[in-house]
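Follow the chain through its sheet, its helices and its core. Keep the model in view as you read.

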Amino acid sequence: MSNIDKRKRLDEEVFTYQTTKDNKVFIYWMGKQVKILSGKASLKFLKAIEGKDHHETQLAMAKITGNFKRGNEKDNKAKK
């Protein structure tokens with residue numbers, strides 16, 4: 001497991017999630033929504049993180065979101 005998170009990014013709370021009444025799961029990365037799970041996928045995710053510690057929950061969310069950053073995201077900072 002030491003090879004998975006070499007930079008210790010998952011020790012920080014980079015991923016968060018929110019569950020709705022109808023069991024939809026919204027996954028956020030640094031406060032920005034990156035994934036919505038519903039139906040069987042959301043139930044599978046909730047079961048997978050049940051009883052897990054912080055690091056394992058962060059890893060589960062990282063795996064589910066996949067490689068969503070490609071380097072071409074807009075930065076929203078004014079260019080000088």
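**Sheet, helices and core**

Strand 2 and strand 3 run antiparallel and are joined by five bridges. Two strands count as paired if DSSP finds at least two bridges between them. Within this pairing, Tyr28 has Gln33 of strand 3 as its bridge partner. Strands of a sheet pair through backbone hydrogen bonds, either parallel or antiparallel.

This is a predicted model, in which local features need pLDDT of at least 70, side-chain atom pairs count only at pLDDT 80 or more, and totals for chains, interfaces and linings use all residues. Residues are numbered from 1 along each chain as its sequence is written, and side-chain values use heavy atoms, with hydrogens and water left out.

Now take the whole chain. It holds two helices and three strands. From the N terminus on, the order is β-β-β-α-α. Helices (H or I, at least four residues) and strands (E, at least two) are DSSP runs, numbered from the N terminus.

The three strands form an open sheet in the order 1-2-3, with antiparallel pairing. Strand 1 (15-19) and strand 3 (32-37) are the edge strands, each pairing on one side only. From one strand to the next, the twist averages 25 degrees.

Helix 2 lies across strand 1, strand 2 and strand 3. Its direction is about 85 degrees to strand 1. Axes here are lines fitted to C-alpha atoms, for helices over the stretch in contact, and angles run from 0 to 180 degrees between N-to-C directions.

What makes up the largest nonpolar core? Nine residues do: Val14, Phe15, Val25, Ile27, Trp29, Leu37, Phe45, Ile49 and Met61. Strand 2 (25-29) and helix 1 (40-49) each supply at least two residues of this core. Strand 2 gives the most, with three. A nonpolar core is a set of buried Ala, Val, Leu, Ile, Met, Phe, Trp, Tyr and Cys residues joined through side-chain atoms within 4.5 Å. Buried means under 20% relative accessible area, exposed over 50%, partly exposed in between (1.4 Å probe, protein chains only).

Look next at Met61. Leaving aside residues up to four places away in sequence, Met61 touches Phe15, Thr16, Tyr17, Ile27 and Phe45. Contact means heavy atoms within 4.5 Å.

Gln58 sits in helix 2 (residues 54-65). Is Gln58 buried or exposed? Gln58 is buried, because its relative accessible area is 2%. The Gln58 side chain reaches the backbone oxygen of Phe15 at 2.6 Å.

Of the chain's 80 residues, 22% count as buried.

Conventions:
Polar contact = N/O pair within 3.5 Å; in protein donor to acceptor, adjacent residues only side chain to side chain.
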